[in-house]
Amino acid sequence: MQQRPRATGLDQASATALFHTYSPMVFGYLRRHTPAREDAEDLLLEVFLAVFERGGLATLPEEEQVAWLRQVARYKLTDYYRRRARRPTTSLEGYAEEMYADEALAPEQVAMQHEEEHRLRAAVQQLSPAQQQVLRLRFGEGWRTAQIAEAVGKQEGAVRMVLSRALKLLRGLYRDDQEGVTPQ
Amino acid sequence: MKPEDDVFAPETVDEQAEQLSRSLYAIPSRQGHTADAKLVQNLHRMYELEQEDARSVARVRRQLEQQGWLAPERRAPRSTGRPPRAPRLDTQAHRLLPRPGQRGWMVWLATAAAVLLVTTLIGGLVIGLVLVRQGTGHTPRQATVTVPSHPTATATPSLEQHTIYAIAANDTVVALDAATGQVRWHHQSFGTFKNSNASLALAGKVLYIGSYAGVEAIHSQDGTTLWQTPTGDSQSQLLIQNGIVYVGASENLSALSATDGKILWSKTGTPPYRLDAISDGVVYAETGGPFAAYDAATGAILWQKTYQGPVQMEDFCCAADHVAIFTAGANGGDASGFHVYALNARDGSERWGYSKGVEVVPFGTANHLLYGETNDRHLFALDLGTGSPLWQVQNTHTVYSASTLTEAGVFVGTDQGTAAMLSLSSGTALWTTPIPGSTGYSYPVGEAEGTAYIFDSNFANLFALDSADGSLKWHTAAHIGATLVGGSNGVVFLMTNLAVSAVNASDGTSLWQLGQGTIAGPVLLG
């Protein structure tokens, strides 16, 4: 494949490593701030094109790399909102699932839902790697415990135990929420 | 009721999770469902989002690979957190593959589904052709739009004559009473809005709709069909001028009679076509090849432009006063090479250029002036005809402050956590005001009826400021990421998270909202 002309000496390996390391983080940030997934994808492309074209990021310490990337992402986000104001056309490709969300939610409820998802994600990250793996396979892949056991090479009873403990731990989060306890 | 210890007990945890999952998909989620069901629902959603994110990143990665920036991905196992013996790794394909013990009936099911799909497609095609040939509307199915039954009567704005038009789910266009949010009518489009750039445009009493199938005109008062013209999938905003509807589609650029939808002229070539603007009798369009300008009346190509060599075309900005404004940059993205070019509308010749040695971004025209900003903290206004600067001011903001032209002035967010309004004619600051909680660049949204809207630097709150003096009217954590639809009679309409909201502009209270997920595309205030 022909190499694109560059203003800097950022080689393909460095670019690939940068993308591999930071693209999920940057995409998560962009997705939270854009209404359509496809827009976040476009912006992710723009962010890394800016990174690759201007170069220099690979030589920075890790902390500065993250700060620099966040800054570029914010710039691109700003440009996006400016462009959107100028061209109020909306693509629907990325909306397919959200289009069929079936509930009318007040803004306050939407904010609460985002907060709830954030707390759940934080709680899951506190679980052991084995518990996280079983949760992912059960709810992300939709596998039953017998299938998970087959895949990970354990007894089904052991998988059930791990799943049970994980869900009971997470359940506390929602019990508190339902009883009106404000998490700290 | 199960004892607490039995909930998610090892012996039944799998079955309980399955039961909760099934019930969730069968019953629309609403407040009041159990905490356990919420937990299962949110776990499903959390992992679905993760998988969608991974697919999105992979798509971007492939584009960067194709452009030569990244090394082609090796097909070695990635760190996905999945077990090493897991039979399938690709999440998208996984959901389509049979699980152990399901293969027999899955094959039968797949065959039946394929037959059903083909039958549906053929049936749909026949019905579509009949409808197009008849040139008349068809009975719309029931829209799935959910309308809140509790429009809060905190204000009684006089909005009876106004309507909100929006593209809703299930390929419908819905018209809402702007005062109450109640549905006035809904209309089933003759083409889907999925995988296309849906658009709405209003001219007089006719609403024009761009969809995957083409362009449709309906009566704005009752949603009845006036005409339908299959141009192919609309790629950009429909433009209407002098009784002509312009549409850029994948395969063509066409001009239609606004009266009956008859094709006046059509251009084919290197697809796709994306309409950018129409001004002074010239239609500007991005194509798969060069940027092109067409005579609006005849479709004759006036000029096309592809910058070669050290300078490449970057972006079309706008057109006015017989010039088209572009930005261009040096190959490789060197910021010192960014320029603004004004090209003569009729022949594409360069009238003037503007360069500052730093990135320059024009953002709009008004009163024969072009407004822009640079990333060395300057705002400027240039004479559209000559390119000569009328004014230039240094400020605390940079090119990334997303300055916005409003009737009150140039509305800017600064990197000092403030918002400012600059005079259109002189660039002097009319007012500057701090945005509470904002520590960096804030993000102007727009201005309507004397109120300027801006997000703080953390996208945590939307602030409403008096356009005249910058005083804070109200702020809210709702409507984050909103775009401004418009304002009328003290009510501002916002689109946020696929919902459209009517908000009292004086105090920020919500008047009504068409719920999240029910709106799928552009929203128009008419």
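Modeller: A residue counts as buried when its relative accessible area is under 20%, and the structure discussed here is a predicted model.

Biologist: Which residues of α6(A) are buried?

Modeller: Helix α6 of chain A covers residues 129-140, and the test to apply along it is a relative accessible area under 20%. The residues of α6(A) that are buried by this test are Q131(A), V134(A), L135(A), L137(A), R138(A), F139(A) and G140(A).

Biologist: How many nonpolar, polar and charged residues has the contact of α6(A) with α2(B)?

Modeller: On the side of α6(A), the contact is made by Q132(A), L135(A), R136(A), F139(A) and G140(A), while α2(B) brings V40(B), L43(B), H44(B), Y47(B), E50(B) and Q51(B). Sorted by class, with Gly among the polar residues, the contact has two charged residues, four polar ones and, as for nonpolar residues, five.

Biologist: Which element gives the largest share of the largest nonpolar core?

Modeller: This core has 43 residues, and V26(A), L30(A), V47(A), F48(A), F52(A) and L64(B) are those with the most contacts inside it. At least two residues each come from α1, α2 and α3 of chain A and from α2, β28, β29, β30 and β33 of chain B. The largest share, ten residues, is supplied by α2(A).

Biologist: Beyond four places in sequence, which residues does V26(A) contact?

Modeller: V26(A) is one of the residues with the most contacts inside the largest nonpolar core. In soluble globular proteins, nonpolar side chains tend to be buried together. With neighbours within four places in sequence left aside, the partners of V26(A) are L44(A), V47(A), F48(A), L69(A) and A73(A).

Biologist: To which backbone atoms does the side chain of T406(B) reach?

Modeller: T406(B) sits in the loop between β24 and β25 of chain B, and it is buried because its relative accessible area of 10% is under the 20% limit. Apart from neighbours within four places in sequence, its contacts are F411(B), M421(B), L424(B) and E447(B). The side chain of T406(B) reaches, at 2.8 Å, the backbone oxygen of G409(B) and, at 3.1 Å, the backbone nitrogen of A408(B).

Biologist: What is the relative accessible area of H322(B), a residue other than glycine with a positive phi?

Modeller: H322(B) has a phi near 65 degrees and lies in the loop between β16 and β17 of chain B. It is classed as partly exposed, because that class lies between the 20% and 50% limits and its relative accessible area is 46%.

Biologist: Which loop of chain B holds N489(B)?

Modeller: N489(B) is not a glycine, yet its phi is positive, at about 50 degrees. With a relative accessible area of 42%, N489(B) is partly exposed. Its place in chain B is the loop between β32 and β33.

Biologist: What percentage of the residues of chain B counts as buried?

Modeller: Chain B has four helices and 36 strands, and among its contacts between residues at least 6 apart in sequence, 39% join residues at least 24 apart. Of the 526 residues in chain B, the share that counts as buried is 53%.

Note on methods: Residues numbered from 1 in each chain as written. Chains lettered and ligands numbered in written order. Predicted model: local features only at pLDDT ≥ 70, side-chain atom pairs only at ≥ 80, totals over all residues. Heavy atoms only, no water. Buried < 20%, exposed > 50% of the residue type's maximum accessible area, 1.4 Å probe, protein only. Axes fitted to C-alpha atoms, helices over the stretch in contact; angles between N-to-C directions. Contact = heavy atoms within 4.5 Å. Core = buried A, V, L, I, M, F, W, Y, C linked by side-chain atoms within 4.5 Å. Polar contact = N/O pair within 3.5 Å; in protein donor to acceptor, adjacent residues only side chain to side chain.
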